[in-house]
Amino acid sequence: MSGPREGEGVRRNRRPQQLLLSFLGSLVLDSDCPPLSTRVFLHVLGDLGVAEAAARATLARMTRKGLLERTQEGRTARFDLTPAAERLLRQAKERVDSPRPFTHADGEWTLLSYSMPESRRDLRHQIRARLAWAGFGGLRDGLWIAPGRVDIAKVFAGEQFAEVTGVADAFLAAPMSGTDVGALLRKAWDIDMIRAEHESFIAAWKPDRGRKGRWIPRLTLLGADWLQLLRTDPGLPASHLPADWPAPDSAELYRERFDELEPHASAWLRKLLHSDAGRR
């Protein structure tokens, strides 16, 4: 099977799990899809250049993590989303589907302070990943800042974060007169890197307009790139950014490409599932 082609967002190595989460969030979540067979996953990932061994290992790993539930139907293994995976994907979908994902109320900031023992490196990594997705940047050790009003309870939802609520304090804040907000932004975020991510996204997907075929791979790649961009850009206030800041263009481009690809990708998935059912 062939891998991604030029013009299909080829610009970084994407892990198989990233691709699967994009596929599941775009085409499987809240659909009427039955549990998908290993064969379907191998087809989807294979068309994205993922080797069979890596695809099988990813399915096994996501099952161990509690993201997929495996059932056996004769000789066929099938996988369905777990409730935990559905919650994760729906939470992401709020930002993924937002028409203005990089826009927050100007002048409002959320400050978060927490302390976690070095011995809990596993939890520290999970916390930082959650904070980055929620738009936080690190000002200094233990102090994080995000634009707008962030629902901290939602950020730390889940049993694995139960102990965090006892060691974290959050405040809604506004900069005092004389504060150099622009310098503060550059301290917490790499502004040049964020711009570069937007420019790469636009360069990768703008030429894709009007192309035909490979609907599922292209939608999956689009979703993976969009999720990466959402993780990178917290939505900094436009008043402190250059006038030609590319975030609005990225958001418009993503919505245009998604609306173009999703109906065709959904139709191809139905054909794939029909073919798979005929092989039982």
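This is a predicted model: local features need pLDDT of at least 70, side-chain atom pairs count only at pLDDT 80 or more; totals for chains, interfaces and linings use all residues.
**Note on salt bridges and nonpolar cores**

1. Start with aspartate 97. This residue is partly exposed, at a relative accessible area of 33%.

2. Which residue does the aspartate 97 side chain meet in a salt bridge? The partner is lysine 93, with an N to O distance of 3.5 Å. Lysine 93 is partly exposed too, with a relative accessible area of 27%.

3. Now the pair in helix H8. Arginine 195 and glutamate 199 form a salt bridge at 3.6 Å, N to O. Helix H8 covers residues 191-205. Glutamate 199 is partly exposed, and its relative accessible area is 41%.

4. Arginine 218 belongs to helix H9, residues 215-232. Aspartate 208 is in the loop between H8 and H9. The pair therefore ties together parts that are ten residues apart in sequence.

5. Some bridges share partners. One network formed this way joins Lys93, Asp97, Arg255 and Asp259. The structure as a whole holds 18 salt bridges. As background, side chains of opposite charge can pair when their charged atoms come close.

6. On to the nonpolar side. The largest nonpolar core comprises 66 residues. Within this core, Phe23, Leu24, Trp189 and Trp226 have the most contacts. Leucine 24 touches Leu29, Phe41, Met62, Leu68, Leu81 and Leu89, leaving aside residues up to four places away in sequence.

7. How many residues are in the second core? It has 14, and it is separate. Among its members are Tyr114, Trp144, Ile152 and Phe156.

8. Last, the annotation. An unreviewed UniProt entry lists residues 189-270 as "domain: Transcriptional repressor PaaX-like C-terminal". In the model, this span is 70% helix and 0% strand. The C-alpha atoms at the ends of the span lie 42 Å apart.

Conventions
Residues are numbered from 1 along each chain as its sequence is written. Side-chain values use heavy atoms; hydrogens and water are left out. A salt bridge is a side-chain nitrogen of Lys or Arg within 4 Å of a carboxyl oxygen of Asp or Glu. Buried means under 20% relative accessible area, exposed over 50%, partly exposed in between (1.4 Å probe, protein chains only). Helices (H or I, at least four residues) and strands (E, at least two) are DSSP runs, numbered from the N terminus. A nonpolar core is a set of buried Ala, Val, Leu, Ile, Met, Phe, Trp, Tyr and Cys residues joined through side-chain atoms within 4.5 Å. Contact means heavy atoms within 4.5 Å. UniProt positions are given in the numbering used here, feature names are shortened, and annotations may be inferred rather than shown by experiment.
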